[in-house]
Each structure stands twice: as structure tokens, then as C-alpha cells.
Amino acid sequence: MEKMPASARNLEGFINGKCNDDSSEMDNFRHHVDDIFQKVDKLEQRVNEVEKFFLNINKKQLTSSRGSSAGKDKDKKRNIPSIRKQQQDASHREAAAAKRMQELMRQFGTILRQISQHSLAHPFLHPVDVESLGLDDYYEVIEKPMDFSTIKNQMEAKDGTGYKHVREICADVRLVFKNAMKYNDEKDRVHKMAKTLLGKFEEKWMKLLPKVMEEEKRREEEETQAKLDMQLAQEAAHAKMARDISNELFEVDMRLEELREMVVQKCRKVSTEEKRNLGADLTQLSPEDLTRALEIVAQSNPGFQARAEEVDLDIDALSESTLWRLMIFVKDALEVGKKNAAGTGDNGIKDKQNNHVNGKKRKKEISNAIIKTAKKKSKKPS
């Protein structure tokens, strides 16, 4: 979004010396200007938010497949819940998923109980007593010791440190047996016991695995759909924000128009000398600013062709409103041009020269038209 024009920001200071002095009306004017500045600042923040959002959306769409894009277009036809409603649904969905996972973990507990009650399970029920058994190198070989009692305690934990997924328990059960097989030689009795129980465990796990996979697929589909719905809801919310911003910008334009008319009504008439200076200043504008100045003339003169190949600009024929608008615009444009020229280093010289060459012909034609019209006026008898 464009910032507040410099002409609007400098308008108050400009009319202090050009308009009839009325402190109460000036205070009222300042109040209106301050309100507009505050509103524009807020609008600019919201515009930046909308632009950033849609830029991120465009980047994601570039990396997405055609299939997902087609699915997204299909989902747009559905009635997408609001962001707040989706947040509430997400909370309920997570609670339901956690409950289903608890049921799977309960069923896994049955498997664990059956394995731990096996006649070969006694070496694995509790942590390895390294000191009593004289296993001095145990912790050098085994990185993460594990046993059934530790697994059971973590399954029953109520402080949030317990298992979140049944696969986590499965991995620890396997670790119990793999640790024993890793530390003990293949001919060792404990190694053989661990290998036997691991085989029995895998058989029982394979019976529960389809349910686990079904739950994982369900959760993945729910999360994918939830993310898509949230994105669509955010797009709709930001699209509405963009429409609201557009309406508010229109209101700001209307208020600026009212302020401009108020200023013109309070300003004295432009003198002959000021008109002559205005004509001279117009010839000093850059091609871009000169075109914008002519567009200001065209706004109050529908028959004036600002972008015609030849223009005939009669400053004396312009209305007071147009003259004041031109004076304000030209004054600010020249000030900005001076600042830019002072701040431009060697890197900007070539670009500046190129822009100058490209607009030189157009600027010369318009400047000549202004001078030509002025000469015509001077030849007329007073």
C-alpha cells in the first residue's frame, strides 16, 4: 500500500502561510489530519499482513502438486467453518484421538502381560543388577538399558511423561530383548531366551498392528483435512480483510477530498507571480512527476488530455482549486527530488541518466507547450 502522499503530510504547514488565519479552524483541520494519519498507519499494517499471508500462500502453491490443487478447489465449494470453530474442533479431535490411542495401548498391555508371565521372562522383568552380576562393562555396551518394570511404570505415568503412542512401547519391548542379545553371546542362555521371547512378541504384535496402522491413517487424514480447512478459512478471513481495507481506503480518500476543498475555500487566490513561478517549476519536474501534475489538471478538466502527444496547458485558465493542488504537489515533488539527488551515489547515476534520456523528449514537449501558452498570453493587449 502506498504511504500517505507527501502533499497531504505537508499540507498543514503549506497553508499556514497561504491561507486566511483562523486558529479554531486550523485546530479542527489538524484534528482531521491526525485522525487520517492514524487510520492510514493502521491500514498500512493490515495491508502488510494481508500481503505477507498471500505471498506465503503463493509460495506453498508453487511447490504443491496439481492433484492437491484440484482437491483444494473441490474443498473450496464446501462450507468451511470459521477459524475459531476449527480451533474448537481440533481440541475435540485431539481428545478423541488420544482416547483411541489409550485403547490401543490397553490392548498392547495385554500383550506385554502375556510376555512378562512367560516362563522365560524372569531375566527381563527388572533392571539388570550390574554390581551383583559383576557386569563392569555393561553400560559401555548397552546405551539404553530397558526392562518390563520400567515399561510398565511409564505406561501408568500420570504426569505427562508416559508413552504417547503404542509404537513407543513396542520399541522399548524390542529394546529389552535386543539389549540382552547384544550383550550376551549367541550360545548364552539369556541370549536364547531373549530371542525366543522376541519371536513370540512379534507374532502377537502383528495381530495388533493393523489396528495401529488404521488409527495412524485416520489421524493423518484428519490432520491433512484440518490443515486444508484452516488454510481456506484463513484465506477467506484475509480476503474479507482486504475488502474491508479497500472500503476504508475509499473513506480516507473521501475525507482527504473534503479536507482539500476546505483548504481551497480558506485560501486566497493565487497571484500572477505565483502562477508564473508555478509554470517555471513545472518545467523542473521529472518526467514522472510532470505526468502526475498533468493528471491533477485533468481531474478537474475532463477535456484535458494529460497523456496526449501535444498538450496546451493554460495556467491562467485553471481553477483556484487546481492551482493550489498543483502548487502543493510541485513544491513537494521538487523537495523530494532534491533529497533523492543528494542521497544518490555513484550506483544510481546510470539509472538516473537512463530515466532522464527516456523522459527528456516528453518533458521538453510539455515544457514548450507551457512556454508557448505563456507567450500567447503576453502578446494579448491588456
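**Close-up 1. The lining of the second largest pocket in this predicted model.** Here 27 residues line the second largest pocket, and M105, K152, Q154, M155 and E156 are the ones that lie nearest its centre. The space inside comes to about 640 Å³. Helices α5 and α8 each supply at least two residues of the lining, and the largest share, 12 residues, comes from α5.

**Close-up 2. The largest nonpolar core of the model.** This core has 29 residues, and those with the most contacts inside it are F108, F124, F148, I151, F177, F201 and W205. At least two residues of the core come from each of α5 (83-116), α8 (148-155), α9 and α10 (189-266). Helix α10 gives the largest share, nine residues. Apart from this core lies another, of 21 residues, including L278, F304, L326 and A333.

**Close-up 3. The surroundings of F148.** Setting aside neighbours within four places in sequence, F148 is in contact with L112, I115, S116, A121, F124, L125, V173, V176 and F177.

**Close-up 4. Helix α9, residues 166-183.** The 18 residues of this helix should span 26 Å at 1.5 Å a residue, and the end C-alpha atoms are 26 Å apart, so the two values agree. Which residues of α9 are buried? They are V166, I169, C170, D172, V173, V176, F177, N179 and A180.

Terms used:
Residues are numbered from 1 along each chain as its sequence is written. This is a predicted model: local features need pLDDT of at least 70, side-chain atom pairs count only at pLDDT 80 or more; totals for chains, interfaces and linings use all residues. Side-chain values use heavy atoms; hydrogens and water are left out. Helices (H or I, at least four residues) and strands (E, at least two) are DSSP runs, numbered from the N terminus. The expected span of a helix is 1.5 Å times one less than its number of residues. Buried means under 20% relative accessible area, exposed over 50%, partly exposed in between (1.4 Å probe, protein chains only). A nonpolar core is a set of buried Ala, Val, Leu, Ile, Met, Phe, Trp, Tyr and Cys residues joined through side-chain atoms within 4.5 Å. Contact means heavy atoms within 4.5 Å. On a 1 Å grid over the protein atoms alone, a cavity is a set of points where a 1.4 Å probe fits but cannot get out, and a pocket is an open set with protein on both sides within 12 Å along at least five of seven lines; lining residues have an atom within 4 Å of a point. Grid points are joined across faces, edges and corners, and a volume is the space filled by probe spheres set on the points.
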